[in-house]
Amino acid sequence: ETHTKYPSYAGLANLYKTADADPEKSGNIIWFYTGTSVSFSGFGSGGGTTNREHVWPKDGGRAFDPSSGPGSDGHHLRPTEANLNSTRGSKSFGEVPQTSSNIVRQNGSTSYENLCYTSGNFFYPGEGYRGATARILMYMQVRWGDQYNLKFVTGSGSCKTIGDIATLMKWHLEEPVTEAEIRRNEAAYAVQGNRNPFIDHPEYAEKIFCYDGESYNAALK
């Protein structure tokens, strides 16, 4: 009911300058998944530029409109580096071997500080961004799930499903809400009028997803 304002896809640039600002360096934002601080004036498409990452994959517009509604929700879309965004694609989230061959390139490099990994159908965010990823996906499911039939699954999902719910719950518990998430929640709230409830009330994750009647509930409990 409080979600009454919707940033445009282009307007996310203005939100990022506030919500994802590097508090230690004026004019910089923090790339999601890795925590890399970069100068930001707008979006690009080549290596080293900033993309708008749909944390719940839009799957070419089959899951939901890529640039409106859930496709431009400020609580959902996060700034990431273009190469890394492309590699992530529509993969689900999960833990994969942290080997050199699985490192995701960011701006063509495998030597950035907080590495991401990928293997098969899974993408493994950098440390400190795994719990935040889980909470974004939980927000997406409760805010837009009924309208677009978005669901969690065990293992790897596709299009309107995403996994792995057991791993995401594990990350949610292992990596508690950060000060950066709290600041960002406030910034998005100021623009949209709604909040990510899993940042304000982390305990909601267990209350909802362990008791929503899905087949994975027993395992999550």
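Me: Does N194 count as buried or exposed?
Reply: Buried means under 20% relative accessible area, exposed over 50%, and partly exposed in between (1.4 Å probe, protein chains only). N194 has 5% relative accessibility, so N194 counts as buried.

Me: Which pLDDT do local features need in this model?
Reply: Residues are numbered from 1 along each chain as its sequence is written, and side-chain values use heavy atoms, with hydrogens and water left out. This is a predicted model: totals for chains, interfaces and linings use all residues, side-chain atom pairs count only at pLDDT 80 or more, and local features need pLDDT of at least 70.

Me: Which side chain joins that of N194 in a polar contact of 3.4 Å?
Reply: N194 sits in the loop between helix 5 and helix 6 (197-200). Leaving aside neighbours within four places in sequence, its contacts (heavy atoms within 4.5 Å) include T2, Y139 and R143. A polar contact is a pair of N or O atoms within 3.5 Å; within protein, one must be able to donate a hydrogen and the other to accept it, and residues adjacent in sequence count only if both atoms are side-chain atoms. At 3.4 Å, the partner of N194 is H3.

Me: Within what arc do the buried residues of helix 1 fall?
Reply: Helices (H or I, at least four residues) and strands (E, at least two) are DSSP runs, numbered from the N terminus. In helix 1 (residues 12-19), the buried residues are L12, A13, L15, Y16 and A19. They line one face of the helix, so seen down its axis (the arc uses directions from the axis to the C-beta atoms) they fall within 160°.

Me: Which exposed residues does helix 1 carry on the face turned away from its buried side?
Reply: The buried residues pack against strand 1 (28-30), strand 3 (50-54), strand 4 (77-81) and helix 5 (179-192). The face turned away from them carries N14 and T18.

Me: Are the rings of F32 and Y33 stacked or tilted?
Reply: F32 and Y33 are both buried. Their ring centres are 4.8 Å apart and the planes meet at 45°, so the pair is tilted.

Me: How many residues apart are F64 and Y148?
Reply: F64 is buried at 2% relative accessible area, while Y148 is partly exposed at 21%. Their ring centres lie 6.4 Å apart with planes at 80°, so the pair is edge-to-face. It links distant parts of the chain, the loop between strand 3 and strand 4 and helix 3, and the residues apart number 84.

Key:
Rings of Phe, Tyr and Trp (its six-membered ring) pair if their centres lie within 6.5 Å; planes under 30 degrees apart count as stacked, over 60 as edge-to-face and the rest as tilted.
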